[in-house]
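Please look at the sequence and the model before reading on.

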Amino acid sequence: MNAAESTARIAVEVKELTVRFGDHLALENVSLSVPHGAFVAIVGPNGAGKSTLLKVLLGLVTPTAGEVRVFGSPPNRVDPQKVGYVPQFKTLDRTFPALAEELVVSGLRRSWPVRIAKEEYEAARRVLERVGAGHLLGRTVSRFSGGELQRVYLARAFVRRPDLVMLDEPATGIDMLGEADMYRLLEDYQKETGATLLMITHDWEAAYHHATHVVVLNRRLVGFGPPERALSERCLREAFGHVGHAHGISLSFGGGDRA
Amino acid sequence: MLMVFRCPLGVATVLEIWSLPFMQRALLAGLAMALLAGYYGPFVVQRGLSFLGSGLAHAAFGGVALGLLLGVEPLWVAFPFTAGVALGITWVQGRTHIRGDTAVGIFFAFSMALGILFLSLKREYTAEAFTYLFGSILAVSPADLWASSVLLALTALTLPLWGRWAYATFDRELAAADRVPVILDDYLLAVLVALVVVVAIKLVGLLLVAAFLVIPAAAARQWSRTFSGMVVGAVIVGGLSVVAGLMASYSYNLPSGAAVVLLQALIFTVSALFMRRI
């Protein structure tokens with residue numbers, strides 16, 4: 001494989017990334033390469049810099065040092081249509097008057113719709129039905145449950161058919177059935193489009209079972225690689241100070257893949 | 001059949017009321033205000049900036065007082081003064097670790113203090129200042145109507161930005177991730193709201209001007225299922241309250257600003273009590 005082909009197969013490239021907010025060091029010297037089509041789970045304790053890493057990749061935070069490339073370009077130069085973002089649904093302002101289809105069409109337009117064109121409505125309907133939320137059409141989002149909101153947010157991200165989907169703790173606050181459904185939808189979307197998925201999660205077990213790669217962060221990169229290597233006892237102890245729920249996962253505690 | 005209103009001086013018909021030039025000016029200024037405040041109000045309310053309208057109105061007092069001191073048309077000084085304060089509030093919000101309401105509170109007090117200082121420096125009695133505090137339909141001049149028209153035209157030019165403003169109002173981070181220039185838009189919206197506040201001062205007075213931005217939008221929220229519907233609703237509530245409030249003001253010799261705002265509050269109360277929460 002030549003260099004050009006190799007670059008083309010890398011969706012996200014992070015080299016020696018450091019982010020500081022004043023005196024606070026959020027990320028230090030993080031380097032990793034995410035191949036196209038990977039399902040990457042980002043785990044780490046609170047304050048580990050997981051959200052900061054995602055915001056750097058979205059172009060919302062400027063690195064203090066280091067280089068970041070998304071599809072070969074700086075994050076703020078990437079065509080936004082190529083990237084879908086699913087924020088934590090708990091951040092939703094429930095006082096804002098909005099219909100499910102408006103939220104989905106905002107993902108299509110990258111703007112809030114005054115009126116929805118027929119073809120936009122059809123696109124919203126199709127994608128909402130696809131995520132099992134067709135019944136939410138015409139309903140206001142302020143009354144949705146966590147699971148319903150998560151589906152609408154997924155539909156909003158999928159509607160633009162992105163090559164990279166970034167999710168910030170998508171399973172937080174939804175029940176186990178909803179969580180299983182969400183992973184099925186993500187995996188179906190990935191199979192269909194070959195997209196790359198980057199997901200922040202606190203659930204090591206979900207990371208182990210669903211991700212192809214796991215990033216273990218604690219401001220520095222503690223581990224990166226396939227789940228059975230990145231979620232090694234040594235990496236988890238280094239990041240979290242314990243292995244906690246990982247005892248319940250059939251992990252092969254090897255040496256880990258230190259970056 | 002014409003509607004008939006009783007007033008202390010006799011019987012006045014709707015046509016008689018609106019045939020008076022000062023009432024026509026007041027109506028035009030009031031409807032322009034309803035349109036402008038109805039358009040910007042939902043952004044103010046949904047962004048949690050209701051206090052901004054009040055703060056900017058008090059800031060405008062500093063500009064009005066400076067105009068009175070310098071002997072120039074107070075509103076022409078109030079426009080840049082209030083816009084400057086709006087930019088200052090937005091800058092402080094973005095650059096410091098204080099909450100938005102605190103930033104508004106600081107500028108509000110600073111501008112009021114300046115206003116009081118300016119008035120104290122003027123040697124003769126400044127009764128005109130009270131016109132700006134409480135508003136008066138008699139005070140609306142053709143120049144004020146021109147100012148409203150210019151602001152309406154300016155607002156029409158920003159119509160293409162409505163979608164991205166609404167998007168950032170819904171979720172600032174999502175909008176920023178989609179390359180919406182949210183910081184630039186914050187400044188733009190703050191300046192436009194400041195201009196609306198200054199234009200409204202003559203009609204309703206700076207003590208009540210914030211109500212125009214907040215109450216129609218809050219009332220419309222009670223029955224709106226969409227943000228665009230909330231904007232239309234706010235314009236309708238504002239327009240109805242202006243027409244009915246001015247007629248009540250003329251017929252019963254009530255302060256115009258108070259009459260309009262009390263009607264808005266009544267509409268909000270009815271909406272909150274009887275509309276199913278959406």
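Helix α11(B) is largely enclosed by the rest of the structure, because 13 of its 13 residues are buried. The structure is a predicted model.

**Helix α11 of chain B**
- Helix α11(B) covers residues 209-221 and has 13 residues.
- From its first C-alpha to its last, α11(B) reaches 19 Å, which is close to the 18 Å expected at 1.5 Å a residue.

**Contact between chains A and B**
- Chain B gives 23 residues to the contact, and chain A gives 21 residues.
- On the side of chain B that touches chain A, α8 (162-170), α9 (172-177) and α12 (227-252) each supply at least two residues.
- The most comes from α8(B), with six residues.
- Sorted by class, this side of chain B has 10 nonpolar, six polar and seven charged residues.

**Chain A overall**
- Nine helices and nine strands are assigned in chain A.
- Of the 259 residues in chain A, 49% are buried.
- Among contacts in chain A with a separation of 6 or more, 66% join residues 24 or more positions apart.

**The six-stranded sheet of chain A**
- Six strands of chain A form an open sheet with mixed pairing, in the order β5-β6-β7-β3-β8-β9.
- The edges are β5(A) and β9(A), the latter at residues 220-225, and each pairs on one side only.
- Neighbouring strands of this sheet are turned by 15 degrees against each other on average, direction ignored.

**Strand pairing**
- Strands of a sheet pair through backbone hydrogen bonds, either parallel or antiparallel.
- Strand β5(A), residues 83-86, runs parallel to β6(A) and is joined to it by four bridges; Gly84(A) stands opposite Val165(A) of β6(A).
- Five bridges link β6(A) to β7(A), residues 196-200, again in the parallel sense; here Asp168(A) stands opposite Ile200(A) of β7(A).
- Strand β3(A), residues 39-43, pairs with β7(A) in the parallel sense over four bridges, and Val40(A) has Leu198(A) of β7(A) as its bridge partner.
- Strands β8(A), residues 213-218, and β9(A) run antiparallel and are joined by five bridges, with Val216(A) opposite Gly223(A) of β9(A).
- A right-handed β-α-β unit is made by β6(A), helix α6(A) at residues 176-193, and β7(A).

- Strand β6(A), residues 164-168, is mostly covered, with five of its five residues buried.
- Both faces of β6(A) are covered: Leu164(A), Met166(A) and Asp168(A) are buried on one side, and Val165(A) and Leu167(A) are buried on the other.
- Strand β7(A) is mostly covered as well, with five of its five residues buried.
- In β7(A), Thr196(A), Leu198(A) and Ile200(A) point one way, Leu197(A) and Met199(A) point the other way, and all are buried.

Terms used:
Residues are numbered from 1 along each chain as its sequence is written. Chains are lettered from A and ligands numbered from 1 in the order in which they are written. This is a predicted model: local features need pLDDT of at least 70, side-chain atom pairs count only at pLDDT 80 or more; totals for chains, interfaces and linings use all residues. The expected span of a helix is 1.5 Å times one less than its number of residues. A residue is buried if 20 or more other C-beta atoms lie within 10 Å of its own, exposed if 12 or fewer, and partly exposed in between; C-beta atoms are placed from the backbone. Two residues are in contact if their C-beta atoms, placed from the backbone, lie within 7 Å. Ala, Val, Leu, Ile, Met, Phe, Trp, Tyr, Cys and Pro count as nonpolar, Asp, Glu, Lys and Arg as charged, and the others, Gly among them, as polar. Two strands pair if DSSP finds at least two bridges between them. A crossover is right-handed if, with the strands pointing away from the viewer, the path from the first strand over the helix to the second runs clockwise. Axes are lines fitted to C-alpha atoms, for helices over the stretch in contact, and angles run from 0 to 180 degrees between N-to-C directions.
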